[in-house]
Structures are given as structure tokens and as C-alpha cells.
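Here's a quick tour for anyone meeting this protein for the first time. Have a look at the structure, then read on for the main points.

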Amino acid sequence: SRCHSMQIVNQQGLTRSAWEKLMVWMGEEQSMVAMEADTETLVVDYLAKHYSPEAQKARLPARSRLRYP
């Protein structure tokens, strides 16, 4: 992404409502370029599916299997 790394997105774990509010905040406070309504809906749908609290919980077991030397 131009504004921040995907790591920030990955760390959020927000509900759909929170993603919608964050999109508004980024537009109003961070000068994010406005999207067409249908595009913004697609983005929020994706974020709500893949970066929700539930999605984060589903990824935790995979992370816990990592072994570091």
C-alpha cells in the first residue's frame, strides 16, 4: 500500500463496522483518496472477511506452529 505496510492492516482485526469507520477516518483525517461507493464496499467486504477478529483467531494456530532456531 502507498500509505502504510500491510502489517498494519494485518494487526487490526476489526469488525466490519470498525473497518467502515476507519475508512471514513482515513478519508477525513489522513487525506485518503475517495473511492467509488461500490469499490469501497468491495474493500470493506474483503477486510471484514480476511482481517476480522475471527480471521485473526483462525490464523493463531498457524503462527503457534512456527519454530525459531
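A quick word on naming: helices (H or I, at least four residues) and strands (E, at least two) are DSSP runs, numbered from the N terminus. With that in hand, α2 is followed by Ser-31, whose phi is positive, near 60 degrees. This is a predicted model, so to speak of local features a pLDDT of at least 70 is needed, side-chain atom pairs count only at pLDDT 80 or more, and totals for chains, interfaces and linings use all residues. Residues are numbered from 1 along each chain as its sequence is written, and side-chain values use heavy atoms, with hydrogens and water left out.

**The overall picture**
- The protein has four helices and zero strands, running α-α-α-α from the N terminus on.
- Of the 69 residues in the protein, 17% are buried (buried means under 20% relative accessible area, exposed over 50%, partly exposed in between, with a 1.4 Å probe and protein chains only).
- Take the contacts (heavy atoms within 4.5 Å) with a separation of 6 or more: 65% of them join residues 24 or more positions apart.

**Helix α2**
- Helix α2 covers residues 16-29, and its 14 residues should span 20 Å at 1.5 Å a residue, which agrees with end C-alpha atoms 20 Å apart (the expected span is 1.5 Å times one less than the number of residues).
- Trp-19, Met-23 and Met-26 are the buried residues of α2.
- Looking down the axis of α2, these buried residues fall within an arc of 65 degrees, so they line one face of the helix (the arc is that of the directions from the helix axis to the C-beta atoms).
- Cover for the buried residues of α2 includes α1 (6-12) and α3.
- On the face turned away from the buried side of α2 sit the exposed residues Lys-21, Glu-28 and Glu-29.

**Around Ser-52**
- Ser-52 is in the loop between α3 (37-50) and α4 (53-64), and counts as buried at 6% relative accessibility.
- Leaving out residues up to four places away in sequence, Ser-52 touches Gly-13, Leu-14 and Leu-47.
- A polar atom of the Ser-52 side chain lies 3.5 Å from the backbone oxygen of Ala-48, and a polar atom of that side chain lies 3.0 Å from the backbone nitrogen of Ala-55.

Conventions
Polar contact = N/O pair within 3.5 Å; in protein donor to acceptor, adjacent residues only side chain to side chain.
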